[in-house]
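Here is a short briefing on strand pairing and helix packing. Keep the model open as you read.

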Amino acid sequence: MEKPDIKRLQILGLISLWLLAVAFPGAIASYSIGVGRADTTGPTAEVVFMGYAKIDQKGSGLHLRTFSRAFIIDDGEERFVFVNVDSAMIGNGIREAVLEKLQTQFGSMYTEKNVMISGTHSHSTPGGFMLDMLFDITTFGFVKETFDAMVTGIVKSIERAHNAVVPGRIFITNGEVLDANINRSPFAYLNNPKAERDRYKYDVDKTLTQIQFIGADNKPLGVINWFPVHPTSMNNTNHLVSSDNVGYASILFEKTMNKDNLIGKGPFVAAFASTNLGDVSPNTRGPKCEYSGKNCSEQYTCSGKKEMCFASGPGKDMFESTSIIANKIFKESLRLWKAGNAKEVIGPISVVHRFVDMAEQTAEFYNETTKKMEEVHGCLPAMGYSFAAGTTDGPGSFAFEQGTTTANPLWNAVRNLLAVPTSEDVKCHGAKPILLATGRMTLPYEWQPKVVSTQVALIGNVVIAGVPGEFTTMSGRRLREAIKTVMNEASDDEIPVIVAGLCNTYSDYISTPEEYQIQRYEGASTIFGPHTLTLYLKQYQELVTAAILKKHVEPGPMPPDLRKKNLLSFVTPVLYDTPKWGRNFGDCIEQPQKIVKPGDIVTAVFISGHPRNNLMTENTFLTVERLTDDEVWEPVATDANWETKFIWRRMSVVLGSSQVTITWQVPEDVKQGEYRIRHNGYYRYILGGVFPYYGVSNHFQVNRSSSKNSIHLYSFRFQNNFSSIFIGLQ
């Protein structure tokens, strides 16, 4: 392998910075940087969520809006875009639609090569956007509203970042977050070599890696945090759209930095992105039996019923659990931001990308049993029996159990109605009994991707590897080590390697070959066979080498554009809305209590139209308003705030009538005064057309007790002032 000269590149970068410092004292900037955010919230009612594959988990309202957060880095010669989206994952169709819209505006500036789009993996967002049949089947097919909302939001976030580019600097640091994640497949993890496991203190990664973006004028611009945890604090009984724990962590960071701006507004952009989270759960109490409370981590069954073994915690319910996990990772990220000891990133940018047909790939693998090197290859996609069992974060149905390595003749007969795996498939997938031979299922169109996107961005000596799926803990560790092996040939410095999860394409899980043999959910969902990881290690080493040497990389085989297919959709459209007899849209039929205090929950109920008539993108279905001294109603919270919930209920299918319940938990730091709740919506007229309406509740008074709360308010204001002074020093 040709040895790259990273030292020389770094020295040239330092010389350039020195010359800039001499010419323009006080205005050193290593890069041009832009950050942007946009709303991606899809349909909040009567669309199945993506993640748990439960067809009865349809949306019935909104708790947290979802956002796309874009970060542009440019060294004057090359540009890289990282986008973090509050979504279950990213499909090739989404990415291609985004790139087409960008190329209409910006020409060839943004392409497959330099745009990396990563999903957070929230399981509480509307589905129907993946196009691959397996992922959309539980959402009753393609949902254009979801697809368009995501594409529009991602494009808008990149546009805003593009228009906000300023000279700036980049810093990298890391910290440790404890009691925020556990391994949900510990027995599979234990099948990895002991010598390898002994190198690590925990069976999941506890490191939070942070990249900070600072303007040349020392103005904070944005931050990206990578921490491995599934956004499954909101469980499969949830019916309110939510960005889950990592999305709420983003809100907390942005709220701190943007101060008085409403959620989703303000210039500072904070992302909490996915990494090697494949076997990592936020439900830190671990799996328990539903009624007895007994630990079920060994067999993952309770009296033979898989549905009753599930993980939860650390809070008393899923909302409190979400808040606890979000606050843990937010507080560590804010501590890192304030610490002021992050290392500056300098040096050129190099981005490479390649599409890969995984079934056609080969690599060398050292077999510990035979003590020999073997040539291994990929398989056509297939899902194993344990895939249907689900996980302890969201158990599956029927009699499927995790760890199944033996096929069932009855289920095989059902499987064969869709596609019969060949003897080659069976041999290739080894320990995995094939439940769905998705690589051979072509009707009505592709069920799982055969061609995936692989991508690497080198920023100075920081490596960001965009991977097309969920790497387990040990898979991510091996990938980082494989990349460091290449980087260390060129540099003696410590090399930060970031595994950016769920990027560009979604091809399910990537377990280690050893974990694969246990056939837990993650192994059963490793779709290209036991050596999927082995193939990826080779691919990413080749990409990193090319990035270092600035070598051209062949684009590889283009995946099929499923947008050109006749996409199936069985989601019922909204036909018409009618209010209750004697009522109008927007009427408040249940008023808030007249006097409330911090901690109380204020409730108002309105006659409504269907939320899918207008997604209220970059807007809100609700506003909590306070009357100012100037007699103006000032918004203090929207449907993007943690403290609010927007709950929609259909009252009559025949009449098309519905109502919404809006709740607001009064914050501890609330200002005293006169408040009201406003509801905004749209209704669909039975004779055609969609029309806006609004309604407001009666006014209510928010009071604070004179002693305890005034002391708390003083303390809060003091802390805020101290934080603003400290942040201003960064």
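**Strands and their partners**

Strands S11 (residues 220-226) and S12 (residues 269-273) run parallel, joined by 5 bridges. This is a predicted model, where local features need pLDDT of at least 70, side-chain atom pairs count only at pLDDT 80 or more, and totals for chains, interfaces and linings use all residues. Residues are numbered from 1 along each chain as its sequence is written, and side-chain values use heavy atoms, leaving out hydrogens and water.

*Around S11*
- Ile224 has Ala271 of S12 as its bridge partner.
- From S11 the chain passes through helix H7 (residues 244-258) to S12, in a right-handed β-α-β crossover. Right-handed here means that, with the strands pointing away from the viewer, the path from the first strand over the helix to the second runs clockwise.
- Strand S10 (residues 207-215) runs antiparallel to S11, with 6 bridges between them.
- Thr209 is paired with Trp226 of S11.
- S10 and S11 form a hairpin with 4 residues between them. In the turn, Asn218 has a positive phi of about 70°.

*Terms for strands and helices*
- Helices (H or I, at least four residues) and strands (E, at least two) are DSSP runs, numbered from the N terminus.
- Two strands pair if DSSP finds at least two bridges between them.

*Helix packing*
- The axes of helices H11 (residues 473-488) and H14 (residues 532-549) come within 9 Å and cross at roughly 35°. Axes are lines fitted to C-alpha atoms over the stretch in contact, and angles run from 0 to 180 degrees between N-to-C directions.
- The contact (heavy atoms within 4.5 Å) involves residues including Leu479 of H11 and Tyr540 of H14.

Conventions. Buried < 20%, exposed > 50% of the residue type's maximum accessible area, 1.4 Å probe, protein only.
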